[in-house]
Amino acid sequence: MGCSSSSTKTRKSETSLKAALIIQNWYRGYKARLKARQHYALTIFQSIEYADEQGQMQLSTFFSFMFENYAHVHKEELELRNQSLESEQDLRDRHDYVDLIDVPDSYNGPRLQFPLTCTDIDLLLEAFKEQQILHAHYVLEVLFETKKVLKQMPNFTHVQTSPSKELTICGDLHGKLDDLFMIFYKNGLPSESNPYVFNGDFVDRGKNSIEILIILCVSFLVYPNDLHLNRGNHEDFMMNLRYGFTKEILHKYKLHGKRILQILEELYAWLPIGTIVDNEILVIHGGISETTDLNLLHRVERNKMKSVLIPPTETNRDNDTDSKHNKVGVTFNAHGRIKTNGSPSEHLPKHEWEQIIDILWSDPRGKNGCFPNTGRGGGCYFGPDVTSKILNKYQLKMLIRSHECKPEGYEICHDGKVVTIFSASNYYEEGSNRGAYIKLCSGTAPRFFQYQVTKATCFQPLRQRVYTMESSAIKILKERVISRKSDLTRAFQLQDHRKSGKLSLSQWAFCMENILGLNLPWRSLSSNLVNIDKNGNVEYMSSFQNIHIEKPVEEAHSTLVETLYRYRSDLEIIFNAIDTDHSGLISIEEFRAMWKLFSAHYHVLIDDSQVNKLANIMDLNKDGSIDFNEFLKAFYVVHRYEDLMKPGVTNLG
């Protein structure tokens with residue numbers, strides 16, 4: 001009996017162990033599949049983000065093209081809305097920016113006392129936690145004082161650490177104020193014993209960019225030797241036009257927003273472009289290239305780098321009485337040639353401009369070599385060999401950069417020589433990524449600290465969080481697909497030799513990548529985008545099901561509608577550029593002329609008669625003017641049956 005009982009217990013134990021192993025293996029597989037789905041969602045977000053940045057970089061060449069051809073348009077002035085590319089000598093002084101703006105007694109927000117102290121930092125933090133708005137008088141005074149101090153600083157700030165004075169490095173924040181609060185909560189406020197480097201991209205995308213910028217500027221003014229600000233690629237007024245900071249300023253500061261934007265443009269240009277820690281760690285926003293010259297970058301006049309979208313131009317010093325003047329820092333003569341308004345020395349030489357572009361925009365890759373950054377359209381991809389070459393050349397040991405969202409908030413590559421740090425958690429969607437910061441101390445390895453600002457997602461299981469991410473990712477991907485419906489349809493039909501309405505999965509994936517150029521795993525994504533029959537063939541017109549672009553006018557041709565939707569952000573910036581009086585209106589003549597330049601440069605094949613007809617329709621009150629901002633907002637995507645995608649249905653893995 002004893003032996004039988006023991007044998008039964010042994011068999012039960014073995015059965016329990018096998019069951020536990022089966023459950024464990026199942027759970028590991030389940031979690032791995034969820035992680036794969038999360039990875040695919042992040043890939044979609046990042047691919048579309050970089051494609052948008054590529055479009056923004058392409059605007060640079062368009063503006064050069066526009067400068068060369070705009071002389072043929074009968075317009076006396078050309079001005080970038082809410083921006084003035086005047087030389088710094090022409091900017092109005094502090095009196096016009098600050099002293100003429102009174103703070104009324106009725107204002108109940110924070111009141112700053114200059115010179116600033118740590119008490120003002122605390123005051124700001126508490127006010128911003130309560131969602132109070134800092135008065136424009138104080139905003140302008142802070143920005144003015146910050147610019148004044150920045151002008152005295154070198155291009156690269158040199159910082160020393162010690163066991164009693166560790167240095168904290170933070171990456172992109174992108175207007176996410178809760179992440180900055182989290183960093184200060186976990187790591188302490190800036191002080192003489194707790195120095196920080198904020199490595200660019202403080203603004204854009206998030207809704208609290210001005211609050212972050214003011215906190216950082218005030219902290220910098222209180223601790224100028226212990227809080228360091230590096231310029232990122234979004235500390236650029238032209239980037240702000242597309243990615244939200246300009247609109248945030250004009251919304252929060254309706255009366256004085258333009259003044260704030262004007263001084264921000266100059267402040268950006270004076271931000272240092274890097275930090276060197278303990279003479280062995282290079283901290284820059286983007287990366288390097290095989291031609292990066294740190295000696296040159298130490299000497300370059302960084303304040304001349306106004307925007308990546310204002311590239312260097314050929315100068316013509318001859319005076320021309322027939323020239324047409326504008327407010328974009330250049331003059332067009334009768335032949336459309338460019339010459340500078342003022343001294344040619346106000347502009348960076350091309351090779352110096354390219355050096356700064358590389359350190360603001362480049363990304364590391366695992367492949368050796370240095371090749372164009374086709375994803376973003378600016379900077380380069382640099383491999384481990386380039387990293388070793390540049391670090392060895394300048395006796396450095398490590399490169400710390402930001403610029404890329406990473407699922408864990410940081411990433412180490414190139415044999416430990418390159419570290420990416422990204423501090424905006426939930427960057428693409430709630431639960432999409434952690435934020436992180438680095439602690440550095442001479443003689444010790446970097447220490448990484450992660451966090452994630454959580455609200456509703458903290459109570460959701462991983463499955464629900466992944467579903468939320470991938471639903472959002474598929475939604476924005478479908479918007480990209482519908483904007484190229486005509487082009488995709490033609491590509492599908494060229495492959496469909498039997499006119500069956502179906503393609504193989506390989507053919508469909510080839511067409512999607514060839515037209516959209518997003519470098520996505522289309523086969524894996526197909527189940528979320530199209531209908532597939534029992535033989536594995538794709539019903540290709542289902543790529544556009546349950547989604548369409550709303551037409552502001554029914555008469556508009558589909559190809560034209562798609563083009564206007566696809567380029568609506570670019571067009572908004574361009575039309576704002578010729579809106580001299582900031583009215584939001586341009587004449588039909590200007591619209592037609594600018595569209596001809598745009599279509600010629602972007603190779604948009606749309607008949608002029610369609611554009612002329614559309615321009616006349618846009619002139620709602622027949623006064624010869626077009627409200628282009630409202631018109632472009634009328635092009636939006638409608639998602640039908642969005643609730644069809646249930647947590648159990650969506651699966652990017």
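Biologist: Let me start with packing. Which elements do the buried residues of H14 pack against?

Modeller: They pack against helix H13 (462-482), strand E18 (502-504), helix H15 (505-516) and helix H17 (558-566). Contact here means heavy atoms within 4.5 Å, and helices (H or I, at least four residues) and strands (E, at least two) are DSSP runs numbered from the N terminus. Please keep in mind that this is a predicted model: local features need pLDDT of at least 70, side-chain atom pairs count only at pLDDT 80 or more, and totals for chains, interfaces and linings use all residues. Residues are numbered from 1 along each chain as its sequence is written, and side-chain values use heavy atoms, leaving out hydrogens and water.

Biologist: Which residues of helix H14 are buried?

Modeller: Buried means under 20% relative accessible area, exposed over 50%, and partly exposed in between (1.4 Å probe, protein chains only). In H14 (residues 485-495), Ser486, Asp487, Leu488, Thr489, Ala491 and Phe492 are buried.

Biologist: How far does H13 reach from its first C-alpha to its last?

Modeller: An expected span is 1.5 Å times one less than the number of residues. H13 has 21 residues and reaches 30 Å, close to the 30 Å expected.

Biologist: Now the sheet. In what order do the five strands lie?

Modeller: Two strands pair if DSSP finds at least two bridges between them. Here the order is E4-E3-E2-E16-E17, in an open sheet with mixed pairing. Strand E4 (227-229) and strand E17 (447-451) are at the edges with a single partner strand each, so one side of each has no neighbour in the sheet. From one strand to the next, the twist averages 20°; axes are lines fitted to C-alpha atoms, for helices over the stretch in contact, and angles run from 0 to 180 degrees between N-to-C directions.

Biologist: How many bridges join strand E16 and E17?

Modeller: E16 (residues 435-440) pairs with E17 over five bridges, in the antiparallel sense. Ile438 has Phe448 as its bridge partner, and Tyr437 stands opposite Phe449. The two strands form a hairpin with six residues between them, and Gly443 in the turn has a positive phi of about 90°.

Biologist: At what angle do the axes of helix H3 and H6 cross?

Modeller: The axes of H3 (residues 118-129) and H6 cross at roughly 170° and come within 9 Å. Angles under 35 degrees count as roughly parallel, over 145 as roughly antiparallel, 65 to 115 as roughly perpendicular, and the rest as oblique. H3 and H6 are therefore roughly antiparallel to each other. Among the residues that meet are Leu124 and Phe128 in H3, and Glu211 and Ile215 in H6.

Biologist: Is Glu211 buried or exposed?

Modeller: Glu211 is buried, at a relative accessible area of 5%. Not counting residues up to four places away in sequence, Glu211 touches Phe128, Ile133, Leu177, Glu248 and Lys252.

Biologist: Finally, the backbone. Which peptide bond is cis?

Modeller: Most residues other than glycine have a negative phi, and most peptide bonds are trans. Here the bond from Phe114 to Pro115 is cis, with omega near 0°, and Pro115 lies in the loop between helix H2 (94-99) and H3. His403 has a positive phi of about 80° although it is not a glycine, and His403 counts as buried at 4% relative accessibility. His414 also has a positive phi, of about 55°, and counts as buried at 7% relative accessibility.
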